[in-house]
Amino acid sequence: MEWYSIGEVSKQCRIPIRTLRYYDDIGLLKPERISPDNNYRYYSKEGMRKIPLIKYYKQLGFKLEDIATMLERQNFDMLEDYMEKELIDVEKQMAELQKKHFAIQEWRRLLKQGESFLADSKKEREIAIADFPLYRTMTFHYEVKEQHAADMEVLYSNILVELCTRQNVFAYGPFILYFEDFGRRVDHTFTGVDCYTSVIEDGTNDGLTTEVGGFRAISVVHRGDYRTIGQSYREVQEWADLENIKLQGASYERYIIDPWSTKDSDNYVTELILPIGGNEHV
């Protein structure tokens, strides 16, 4: 039988010597012969044939302990079982990657939307009636103990992201706050706020999500720091009075560009959505 030293195997199979030694230590690929004189490791051709298999199985994502069993190639059924298990894992990974891809695309779309509003910053603020779309969201109600007017959305978004992480739900923009009385929101006397973020549905989170939206509302985009947001609310109220439109009194704030996207508060972009008529809060 022809024998190959660990150096020769490393060179012919393009595998580091330290990797071969590690495989020996864990029992994945042991040399068939060790010299009693100098403890040199030697491999047969059969041993060398296992190396490309190890590389290939590793590339496919199999664990080293599974590869050790697969290398025995005892029967086809055993190999098929390992392949089937790995296929299930790969399909789960693909589903997760698809969710991440969608979420990143949506965040980029939201950022571009905000950039377009900032590009039109010299234009007069447009107040209009629009349909507030229906969102499937994660939600929680926050009871306010202290007022954090300047960093309010940061506090709430952190809490909601932690909730989504615990439930393994993929969230994507925009982040939305709901106030029962926008007058109390303006003067910072509100005692509770509902927080929402859109999430990707996959059939496993139905009990964790709710729908919000699906009604007519007055919409206006506020550009700049949140401390000046009261002026935008007052302009909407004045416009509604002139147009003889009845406001419900509640409001939603949809954060398009916020501290997640910029350090400059002058570049914050927030859509104010004030339900009109007989709409019900969902």
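Within helix H3 of this predicted model, glutamate 46 and arginine 49 stand three residues apart, which means that about one helical turn separates them. Their side chains meet in a salt bridge, with an N to O distance of 3.3 Å. Glutamate 46 counts as partly exposed at 37% relative accessibility, whereas arginine 49, with a relative accessible area of 53%, is exposed.

Valine 9, for its part, touches Tyr4, Arg14, Ile15, Leu20, Tyr43, Met48 and Ile51, if residues up to four places away in sequence are not counted.

The structure holds 10 salt bridges, and one of them joins arginine 41 to aspartate 24, with the closest N and O atoms 2.9 Å apart. Because arginine 41 lies in strand E3 and aspartate 24 in helix H2, the pair ties together parts that are 17 residues apart in sequence. Aspartate 24 is buried, at 8% relative accessible area, while arginine 41 is partly exposed at 23%.

Glutamate 211 and arginine 136 also meet through their side chains in a salt bridge, at 3.5 Å from N to O. Glutamate 211 belongs to strand E8 and arginine 136 to strand E5, so this pair ties together parts 75 residues apart in sequence. Finally, salt bridges that share partners join Asp24, Lys30 and Arg41 into one network.

How values were computed
Residues are numbered from 1 along each chain as its sequence is written. This is a predicted model: local features need pLDDT of at least 70, side-chain atom pairs count only at pLDDT 80 or more; totals for chains, interfaces and linings use all residues. Side-chain values use heavy atoms; hydrogens and water are left out. Contact means heavy atoms within 4.5 Å. A salt bridge is a side-chain nitrogen of Lys or Arg within 4 Å of a carboxyl oxygen of Asp or Glu. Helices (H or I, at least four residues) and strands (E, at least two) are DSSP runs, numbered from the N terminus. Buried means under 20% relative accessible area, exposed over 50%, partly exposed in between (1.4 Å probe, protein chains only).
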